[in-house]
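Open the model in your viewer and keep the selection tool ready. The tour goes stop by stop, with something to select at each one.

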Amino acid sequence: MRRAPLPPDALDDTDRQLINRLQEGIPLTPRPFAGIARDLGLEESEVLARIALLRELGAITRFGPFLDAAAMGGAFCLCAMEVPEARFDEVMTLVNAHLEVAHNYDRVHRLNMWFVLACDRPDGIDETADRIEAETGLTVLRFPKLKEFFIGFRVSA
C-alpha cells in the first residue's frame, strides 16, 4: 500500500537526531540501543519506541544491516518498471514477495517503480528479474552497477 508523504512536522528534533545517529552504525554489543540512547540523552526504551514509531509512520522503511552482496560473490542491480497506476499495488506486492528485492520505491515518472535486486550469485539478477516479468507481464529494466558511490544522508534538526 502506498503511503502519503509525511507532513513536515511529523518528526521532532530528537527523531531527526536518532535517524542520523542510526546511520553512523550500531555497535555490536549485547545492548546496542543503550549506547545510542546514552549518546542522545535518552532512555533505551525511548529509542526503541521511537524506532518503532518511525517505521510505523514510514519515515524509515527498512531497519536492518546492509550486506554487500557483491563483496560476498553476489550482485546488485537497480531495476525499474513502468507500472499502470491501476495495477501499482498488485505489482508492488508481487515484486516485494521476492527475497532478492532489497527495497522498492514509487516515483512520479513514466518508470514509476524502482527497486534493487541483491542476489547471492550474479546470474540471480536475471533469474529474479525474469520471474518478476513472468508474474507481472511487465518489463523489468536492469541497470547494473558500474561504479559504487557512498553518500551520506543527514536529516537536519
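What pattern does the chain follow, read along the sequence? The pattern is α-α-α-β-α-β-β-α-β. That gives five helices and four strands. The model is a predicted one.

**The whole chain**

Show the C-alpha trace. The C-alpha atoms fill a box of roughly 50 × 35 × 25 Å along the principal axes. Now colour by accessibility. Of the 157 residues, 34% count as buried. Then look at contacts between residues at least 6 apart in sequence: 61% of them join residues at least 24 apart.

**Helix 1**

Select residues 13–22, which make up helix 1. This helix is mostly covered, with seven of its ten residues buried. Highlight Asp15, Arg16, Leu18, Ile19, Asn20, Arg21 and Leu22: these are the buried ones. What do the buried residues of helix 1 pack against? They pack against helix 2 and helix 3.

**Helix 1 against helix 2**

Helix 1 passes helix 2 in a right-handed crossing.

Show side chains here. On the helix 1 side, pick Gln17, Leu18, Arg21 and Leu22. Facing them in helix 2 are Ile36, Asp39 and Leu40. By class, this contact has four nonpolar, one polar and two charged residues.

**Phe63**

Move on to Phe63, in the loop between helix 3 and strand 1. Is Phe63 buried, exposed or partly exposed? Its relative accessibility is 32%, so Phe63 counts as partly exposed. Leaving aside residues up to four places away in sequence, Phe63 touches Leu22, Ile26, Phe33, Ile51 and Arg55. Draw a distance from Phe63 to Ile51. Their C-alpha atoms are separated by 8.6 Å, and the two residues are twelve apart along the chain.

**Glu82**

Next, select Glu82. This residue lies in the loop between strand 1 and helix 4. Glu82 is partly exposed, at 42% relative accessible area. Which residues does Glu82 touch, not counting those up to four places away in sequence? Look for Arg110, Leu111, Asn112 and Leu138. Glu82 and Arg110 are 28 residues apart along the chain, yet their C-alpha atoms are separated by 5.9 Å.

**Thr93**

Go to helix 4, where Thr93 is placed. Thr93 has 53% relative accessibility and counts as exposed, because the cut-off for exposed is over 50%. Zoom out and draw a line to Pro32. Thr93 and Pro32 are 33 Å apart, C-alpha to C-alpha, and 61 residues apart in sequence.

**His98**

Select His98, in the loop between helix 4 (88–96) and strand 2 (101–106). Is His98 buried or exposed? His98 is buried, with a relative accessible area of 9%. Show its neighbours: Thr128, Arg131, Ile132 and Glu135 are in contact with His98, not counting residues up to four places away in sequence.

**The aromatic pair**

For the last stop, turn to ring pairs. How many aromatic pairs does a search of the whole structure find? It finds one. Select Trp114 and Phe143: their rings are stacked, 5.6 Å centre to centre, with 20° between the planes. Now colour strand 3 (residues 113–119) and strand 4 (residues 141–144). Trp114 lies in strand 3 and Phe143 in strand 4, so the pair ties together parts that are 29 residues apart in sequence. At 35% relative accessibility, Phe143 counts as partly exposed.

Note on methods: Residues numbered from 1 in each chain as written. Predicted model: local features only at pLDDT ≥ 70, side-chain atom pairs only at ≥ 80, totals over all residues. Heavy atoms only, no water. Phe/Tyr/Trp six-rings, centres within 6.5 Å; stacked < 30°, edge-to-face > 60°. Helix = DSSP H or I, 4+ residues; strand = E, 2+ residues; numbered from the N terminus. Buried < 20%, exposed > 50% of the residue type's maximum accessible area, 1.4 Å probe, protein only. Axes fitted to C-alpha atoms, helices over the stretch in contact; angles between N-to-C directions. Left-handed = near helix turned anticlockwise from the far one by under 90°. Contact = heavy atoms within 4.5 Å. Nonpolar A, V, L, I, M, F, W, Y, C, P; charged D, E, K, R; others polar.
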